[in-house]
Amino acid sequence: MQSEFHNPVLLKECIEGLQIKNNGVYVDATFGGGGHSKEILKMLSNGQLYAIEQDEDAWKNKINDERFILVKQNFRQTKKAMKEVGIKKIDGLLADLGVSSYQFNTAERGFSTRFDAELDMRMSKEIEMTAADILNEYEQEDLKKIFREYGELENASAIAKSIVIKRAKKKIQSVSELKEALNSLIRRGKENQFFAQVFQAIRIEVNDELNALKELLSESADIIKEGGRLVVISYHSLEDRLVKNFIRSGKFEGEMEKDFYGNNITPFKAVNKKPILPGEGEIKNNPRARSAKLRIAEKK
């Protein structure tokens, strides 16, 4: 099942970045197929690994190991999850923000443009609103904002208008119906890129992904010990910008707060000034790694 889920991206670099102590306490905030977790466990003797996972399907990959505890939670509530198991401080946290191969390849999850399925896109069935709900219920101006901000689409206004016109005749429930509503707006040869951006925008809204990431990063500053590591893999510029700004300034817009002496006040210091990217070999073996960017920070 694990290989169906996700080939762990930048695995060696992540493990090195965590600087694992054999008796340390670590959190894998995005368990998925368990690839990163299994590698962390290899480095522990009497340490402990807690993994966070909200996707019910991913629980089939649960690891049978006394040093491993899987917690059903959205990673935005990592601090709460740790408090519930009696942990106040950890030695390191890893988050791989990518959508799993399993989620993309399971038609009924509605994440992929390759299948004609219902527009769902929820990371967890506990999320109430599906992609179809958003497309059929949001005001035109709200749809425009989603496509502009989360999809970075230049023609966001036209996309929102086309959806509103289409749904007035019949609700948009499936991937094919959404594609049909937007086909006239696509530049020739850019079909895949266009729909990737459209789907990204809707998925981010469904799962409130950027706010969840902000909460995870903010909480990481509270629960990671001094000298502990934060390791984050992002897959698009919106995520990477948040991670980069937070590591640099402790804020999300990148504004710097200084102390009395003019020193930057930030809970972390960057280990790598520029993001670590996958090599050609990894991209060849796992094309989804192509857009991955790894940032590592150490708690001050």
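Contact here means heavy atoms within 4.5 Å. The structure described is a predicted model.

Asparagine 272 was examined in its loop setting. This residue lies between strand S6 (268–270) and helix H13 (280–285). Leaving aside residues up to four places away in sequence, asparagine 272 touches Leu294, Arg295 and Ile296. Two of these neighbours also take part in polar pairings with the asparagine side chain. The backbone oxygen of leucine 294 is reached by the side chain of asparagine 272 at 3.0 Å. The backbone nitrogen of isoleucine 296 lies 2.8 Å from a polar atom of that side chain. Asparagine 272 counts as buried because its relative accessibility is 12%, and buried means under 20%.

Arginine 203 sits in a helix, namely H10 (residues 191–207). Its relative accessibility is 10%, so arginine 203 counts as buried. With residues up to four places away in sequence not counted, arginine 203 touches Val99, Phe111, Met121, Met123, Glu209 and His236.

Helix packing was examined for two pairs. The crossing of H2 past H3 is right-handed. On the H2 side, the contact involves Leu11, Cys14, Ile15 and Leu18. These residues meet Gly35, His36, Glu39 and Ile40 in H3. The residues of this contact divide into five nonpolar, two polar and one charged.

In the second pair, helix H7 (residues 140–149) packs with helix H8 (residues 156–169). The angle is about 135 degrees, and the axes are 8 Å apart. H7 and H8 are therefore oblique to each other. H7 passes H8 in a right-handed crossing. H7 contributes Gln140, Leu143, Lys144, Phe147 and Arg148 to the contact. From H8 come Ala156, Ser157, Ile159, Ala160, Lys161, Ile163, Val164 and Arg167. By class, the residues of the contact of H7 with H8 are seven nonpolar, two polar and four charged.

Methods. Residues are numbered from 1 along each chain as its sequence is written. This is a predicted model: local features need pLDDT of at least 70, side-chain atom pairs count only at pLDDT 80 or more; totals for chains, interfaces and linings use all residues. Side-chain values use heavy atoms; hydrogens and water are left out. Helices (H or I, at least four residues) and strands (E, at least two) are DSSP runs, numbered from the N terminus. Buried means under 20% relative accessible area, exposed over 50%, partly exposed in between (1.4 Å probe, protein chains only). A polar contact is a pair of N or O atoms within 3.5 Å; within protein, one must be able to donate a hydrogen and the other to accept it, and residues adjacent in sequence count only if both atoms are side-chain atoms. A crossing is left-handed if the near helix is turned anticlockwise from the far one by less than a right angle, and right-handed if clockwise. Ala, Val, Leu, Ile, Met, Phe, Trp, Tyr, Cys and Pro count as nonpolar, Asp, Glu, Lys and Arg as charged, and the others, Gly among them, as polar. Axes are lines fitted to C-alpha atoms, for helices over the stretch in contact, and angles run from 0 to 180 degrees between N-to-C directions. Angles under 35 degrees count as roughly parallel, over 145 as roughly antiparallel, 65 to 115 as roughly perpendicular and the rest as oblique.
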